[in-house]
Amino acid sequence: MNLKFLCSVVFVLCLGQNIRAQYVEKEEEEKITTLYPEAVFDSIQAKKALALGKGKITGVAFTKAAPLAPRIYANSMKIMLFPVTPYFEAWYKLRNSKENLRKRRYVYMSDQAFRYRLEAISNSVGKFTFPDMKPGKYFLTGNMSWSTTGTYNEKTGSSYGSNGGYAEHYEKRYYTQDHEERLEKFVEVKTDGEIVEVKLK
């Protein structure tokens with residue numbers, strides 16, 4: 001048999017084995033679960049709850065990196081206000097019992113229910129206002145993004161001195177850690193014209 005032909009056959013066989021050995025197992029897709037309340041949404045009820053009134057809800061949105069740390073104010077954060085209707089109560093109960101962000105299990109309102117809301121944007125020191133509110137119970141919510149910075153000493157090496165002494169060398173490193181927090185609060189306007197002040201934290 002021709003030696004050149006034999007080498008070609010061996011090369012092709014080896015190539016085929018390499019291709020089979022390079023099969024890469026696919027990653028398992030993360031399962032995402034979405035849940036909705038079984039309650040029926042009443043748009044007329046929600047619309048009446050958001051009708052104009054003479055009251056006002058005003059407040060400040062903030063968080064803290066630690067209990068005794070200074071406030072971190074929500075700068076330009078969107079705050080949403082929902083009327084507390086039977087549908088909302090069913091959603092809130094379902095979310096508290098079933099939602100698990102780590103397991104990618106989420107609880108949502110219907111698109112129609114989500115449309116019946118008011119929005120406000122906080123200023124640089126977290127202040128916000130919802131004017132023209134009628135008596136009723138409401139729910140405020142907003143997602144606040146913030147970050148913390150710090151330093152740590154990283155070992156970069158070691159050395160021996162001329163007199164036999166040993167030293168370890170460190171350099172200061174800086175880091176930034178991003179956070180996202182959901183700020184929420186139930187609020188009630190009891191009388192028409194009342195000004196309710198809240199801390200959204």
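Residues are sorted by type: Ala, Val, Leu, Ile, Met, Phe, Trp, Tyr, Cys and Pro count as nonpolar, Asp, Glu, Lys and Arg as charged, and the others, Gly among them, as polar. This is a predicted model, in which local features need pLDDT of at least 70, side-chain atom pairs count only at pLDDT 80 or more, and totals for chains, interfaces and linings use all residues. Numbering runs from 1 along each chain as its sequence is written, and side-chain values use heavy atoms, without hydrogens and water.

**Largest pocket**
- Its volume is about 530 Å³. A pocket is an open set of points on a 1 Å grid over the protein atoms alone, with protein on both sides within 12 Å along at least five of seven lines. Volume is the space filled by probe spheres set on the points, which are joined across faces, edges and corners.
- Trp91, Arg95, Thr141, Asn143 and Arg182 are the closest to the pocket centre, out of 19 lining residues (an atom within 4 Å of a point).
- The lining holds nine nonpolar, three polar and seven charged residues.
- At least two lining residues come from each of β4 (78-83), α3 (86-98), β5 (105-107), β8 (136-160) and β9 (166-189). Helices (H or I, at least four residues) and strands (E, at least two) are DSSP runs, numbered from the N terminus.
- β9 contributes the most, with four residues.

**Largest cavity**
- The largest cavity has a volume of about 60 Å³.
- β4 and α3 are the elements that give two or more residues to its lining.
- Residues lining the largest cavity include Phe41, Phe82, Phe88, Met109 and Tyr116.
- Nine residues of this lining are nonpolar, one is polar and none is charged.

How values were computed:
1 Å grid on protein atoms, 1.4 Å probe; cavity = no way out; pocket = protein on both sides within 12 Å on 5 of 7 lines; lining within 4 Å.
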